[in-house]
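Please keep the sequence and the model in view while reading.

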Amino acid sequence: MEGRASRSAQQIGLSRWQKFIANSLAKRLDPERFESYAPILYSKHPLPPAIIADLFLRPRSGNRQFLDPRIPQYLQSLSKLRYIDIPSVLKGLYRYSTSHTQAHPTNGQGLEGDGEATRLIRWGSSYGSEEVMFYRLTKAVAQGAAIQNAAVALEIAKIMSKWMTLFTDASTAFAVDPMGQMQANQARDEMDCARAAFVALLLGVCENQVVLKALSRPQAAAARKAMSEGLATFVPTIMHNAGPVTTRLDHFRTRTLTNFEPAEAGKPLAAPELDQLFDSGVELNNFVIPELPVANSRAGLYIYLNAALVGRPLIDDTAVFNYLNNRYQGDVQSTTIDLILASFDVLANAVFRNEGNKAAHMLRSYLMNKLPILISNLSKHMYPPLTAEYCITEALSHVDTNAFPTLSSMFDESRNNNPYTDSVREEFCWACCLHGLLRESSIETILGETPYQSLPSRGRYVKDTLVAECLDDPERMQALVKELDNMDGNVGAVCHALTEVLAQLCRNKETMSLKNLCSQLSRRPLSLDVILLFEKPTAILQPLCDLLDDWKYDEDQGEYQPVYEEFGSVLLLLLAFAYRYNLTASDIGARSPDSFVAKFLGQGHLSRSSEELSDLEKSHLGGWIHGLFDQEAGGLTDDLISSCPPQEFYLLIPTLFQNVVTAFATGHLSEESLKGGVEYLVDTFLLPSLVTAITYLANSLWVERHNQNTIIRVLHLVLQPSAISEEAKTMLSSVLNIVAKPLEHSLRASQRQDPKNQKIDPLLGVLKDNIPLSRRTGGADHNELETWTSTQGEGLATALRHTMQGFVQWSLHPGINITPTSYSHRQVLAALRLLGAKRVLRLICEEVKQQTEAGGGSVVYDVATALVCAPEVTNNPQTPGLTFFEDSGNVPAPVQRRLTLRDVLKAEAEDSRRLQRTDMSQAELVVRLHRRVEAQMAVSEAEAIHAEAILQGDLGLGLDDAAGSLSEAMAAAAANAGPTGGAMTVDSVGLDLGMGGVGGDLDLGDATGNGGSLDLGADDIFSGLSAGGDFEWDTMDLG
């Protein structure tokens, strides 16, 4: 009776859940409302996770082709409520996979059940959703959060074995019947994509430590057998597509699983086998090493800040505070004092190294405008008697007054004054006073003399007020741009305000005001450095990208040259950022690789052959050539400009100049005609196009051996036009700031090949003032590199070790050596490029060992940790994307990232057990350094929340009007529902499976109509995994 009652209750529960799903889908119930109603139903009719997942993932009578777009969002809600788990989702996907139909076409919709004549319906096309799910699961496994205990690990291993068998059967069916009824080509391609994603997940599972531990247990024999048999048949089917991965999977099957099998009775394991079994079973965290106290040296934070400011500023508040908190373990007093000292040290170092205005301006602005804000945030965690004023006073008492003199000593004729360090201490005090960190009456006490400055007349700026002023008065906007040079503590608000104004002008398409603002900013490259102290590139540039991509002529457009001028000014600012900091399309927020901005940054400097041009592009190219250079054609007509949108014109520029060079070299284009065309091009409405034109010509100097003189002559006419307005001359200077560095390299290379050429020096003279302003990427100058590589001994390697030795001595004897060690983080970046991360790490470890033996271990470990933890501007991780697919629906191309010092150190530490048998001291050194690095780089809860905010996409999912009836029917019960708790966990692991709006054929787009995204939400443990973004077969490490 009890069993019958239980079955009856379950049948009722199934019926209620099915009805609930059907009503929710029919009414297009909003996920938030769904999440509030589900607990009510679950409290009355609880079902196991596998059954709930199955109910949601099965095909329905009205839709048997692909998953309804609302289902994954509902699964997301259920995951938060802990009603489903990861294995249940994998099982549901497996049960209704299209691969069953492909593998067994005659009975793919066959019978399944306990003797019941039930016809199991499979999805018509499930590969797209499977591919995305597998990739996201791969990310979760790689992050180590998806598999928390042995039970889950073994359950996942078993279902993965079933998936391997299924894919093997489907692959075999395609091979046997390639031209049959299954529309082989399309179906095979779809299955290959899903299988490739599955392989990534499979490798992650096979190399996951929790899975390995679970499979090593004696009671896991059945799971080991299933995995081994599945791999034996599955691996051969992927060997042609994923060679390196198959090697790792085969090693897992033949070595790892084999070693987990118990040894035969009476047969002892051989020594190597015993060592391997021992090594695989011992975690790195269980490696016991002697403790060594590590000091927070003065050099450590100095190295970190140098690295963060060596190129594009990487002063992200959340990351900085996370690093400081890990480094100082919540000691806010030491944190504040050391941060102030390190900031002064960085500026002093730049001045002593004669790095000039290009570095000192930004570092000084950081000290005056950014540092007080950082201190203000730190002061929120200070409690009496500790105050920010005390920390500032204590820090300034240790600042070298020879480097940063007081007002009275500045009038000493015996000393050489420096504009970058004079009055810095007083300006810093006033900036701190502006932010409420110092009392005005305390400044005289701190300085030891009467100050001669005062607070800004307008007081402390507020961003919202500045934004309103700018939108009301364009002249205020121009005045604010000039205030970016100020050192009064208000520049942070100015940067935030200008960024907001740029975004609003883009949204409102106020292109005239936008043109003026962009023109002003693009001619001030040093101000761009300052803006990036406070804003990320995407915050500034993504609105510009969207505007440029969507720019269209108005239907009643009267004049077209003003449109080109406005478009060009916006584009010029974007190029000023992109070229100065070597930003990619994804760095600046381009939405799709097919967008204009992405194409222009990636290919805008490349010419195209006639075969690569469409008929329309050929027509436009011919029109521009005749309009610019054919004096009898009547010049540039409105018909030409109106028929060719500015985006198409800019993409044709390299091809246009290729034709110009060829025609000029062969005599088909006279110099007079060329001069006439250049006069057009140096007019403000076309002048920004010279960025890619000059870039193309500079690149051509490297490869065009026969047309060198022709190219140089064209460059003369472009760089030194005979007729140009003052406004255009200013804009040309902005263009030269962008292209000066690569053009200089090309000209000097050409000069080395032809030393007698007298036409190159005048061009270098034109670029002289622009070269220092051209790039800030963290790359070493030629003179620096030559100095380092010529160091006696092993060149650059020896120079790097000398630098570490200098850090140790400075930190051990700060009273003797007040002046900071001369240092440029460009040296480390150059070493990583030339020597590789593995060799650099070996050098660091050698120096750590040597200094430790000499008694400086506590300091040298901190120096080495800082070098490994230092942000690497030339190898910065890609910003997490919000979608899997681009707007075209394609998987984005993989973005390769070089191994970092931290990556190599982690690999060395994981291999420490093997190293321990040959060199115990080296093994201890590596593990100790690894633990110190990981402790300082650990992500705090605050940073995790910040990262989730970045990853969170706006799904923009509206609720149908008809949904109101369902909500009204359940409103009373929903009002009494208790809290739903946090994100659903599988042993505290969040699982978030929300899907964006989907188009007609599993378009995987979002609700705004953008194709190609499957956004699983901000709290998703799979967030941030791109199907192609950073997944590389050869370097994938998912263990």
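## An aromatic cluster

The model described here is predicted. One feature to locate in it is a cluster in which ring pairs link Trp551, Tyr564, Phe567, Phe596, Phe600, Trp624, Phe649 and Tyr650.

## Overall architecture

The protein contains 48 helices and zero strands. Of its 1039 residues, 53% count as buried. Among contacts between residues at least 6 apart in sequence, 79% join residues at least 24 apart.

## A stacked tyrosine pair

A pair of aromatic rings is described by the distance of the centres and the angle of the planes. The count of aromatic pairs in this protein comes to 28. One of them is formed by Tyr304 and Tyr323, whose rings are stacked, with 4.0 Å from centre to centre and 10 degrees between the planes. Because planes under 30 degrees apart count as stacked, the angle of 10 degrees places this pair in that class.

The pair links distant parts of the chain, for Tyr304 belongs to helix H14 (residues 298-309) and Tyr323 to helix H15 (residues 317-328), 19 residues apart. Are these two tyrosines buried or exposed? Both Tyr304 and Tyr323 are buried.

## Packing of helices H40 and H41

Two packed helices are described by the angle between their axes and the distance between the axes. For helix H40 (residues 796-812) and helix H41 (residues 826-835), the axes come within 10 Å and cross at roughly 145 degrees. The crossing of H40 with H41 is left-handed.

Which residues make this contact? On the side of H40 they are Leu796, Ala797, Ala799, Leu800 and Thr803, and on the side of H41 they are Gln827, Val828, Ala830, Ala831, Leu834 and Leu835.

## Cysteines

A disulfide is a covalent bond between the sulfur atoms of two cysteines. The count of disulfides in this protein comes to zero. Cys433, for instance, is in no disulfide, and the nearest cysteine sulfur, that of Cys432, is 8.8 Å away.

Cys433 counts as buried, at 11% relative accessibility. Cys869 is likewise buried, with a relative accessible area of 3%.

## Backbone features in loops

The peptide bond from Pro384 to Pro385 is cis, with omega near 10 degrees. Pro385 is found in the loop between helix H17 (357-379) and helix H18 (388-396).

Two residues other than glycine with a positive phi may also be noted: Arg28, with phi near 55 degrees, and Asn354, with phi of about 55 degrees. Arg28 is placed in the loop between helix H1 (2-26) and helix H2 (31-44), while Asn354 lies in the loop between helix H16 (332-352) and H17. Arg28 is buried, with a relative accessible area of 19%, whereas Asn354 is exposed, with a relative accessible area of 70%.

Lys225 is part of helix H11 (residues 221-234). Its relative accessible area is 52%. Because residues over 50% count as exposed, Lys225 is classed as exposed. Lys225 and Arg253 are 28 residues apart in sequence, and their C-alpha atoms are 9.8 Å apart in space.

Technical notes. Residues are numbered from 1 along each chain as its sequence is written. This is a predicted model: local features need pLDDT of at least 70, side-chain atom pairs count only at pLDDT 80 or more; totals for chains, interfaces and linings use all residues. Side-chain values use heavy atoms; hydrogens and water are left out. Rings of Phe, Tyr and Trp (its six-membered ring) pair if their centres lie within 6.5 Å; planes under 30 degrees apart count as stacked, over 60 as edge-to-face and the rest as tilted. Helices (H or I, at least four residues) and strands (E, at least two) are DSSP runs, numbered from the N terminus. Buried means under 20% relative accessible area, exposed over 50%, partly exposed in between (1.4 Å probe, protein chains only). Axes are lines fitted to C-alpha atoms, for helices over the stretch in contact, and angles run from 0 to 180 degrees between N-to-C directions. A crossing is left-handed if the near helix is turned anticlockwise from the far one by less than a right angle, and right-handed if clockwise. Contact means heavy atoms within 4.5 Å. A disulfide is a pair of cysteine sulfur atoms within 2.5 Å.
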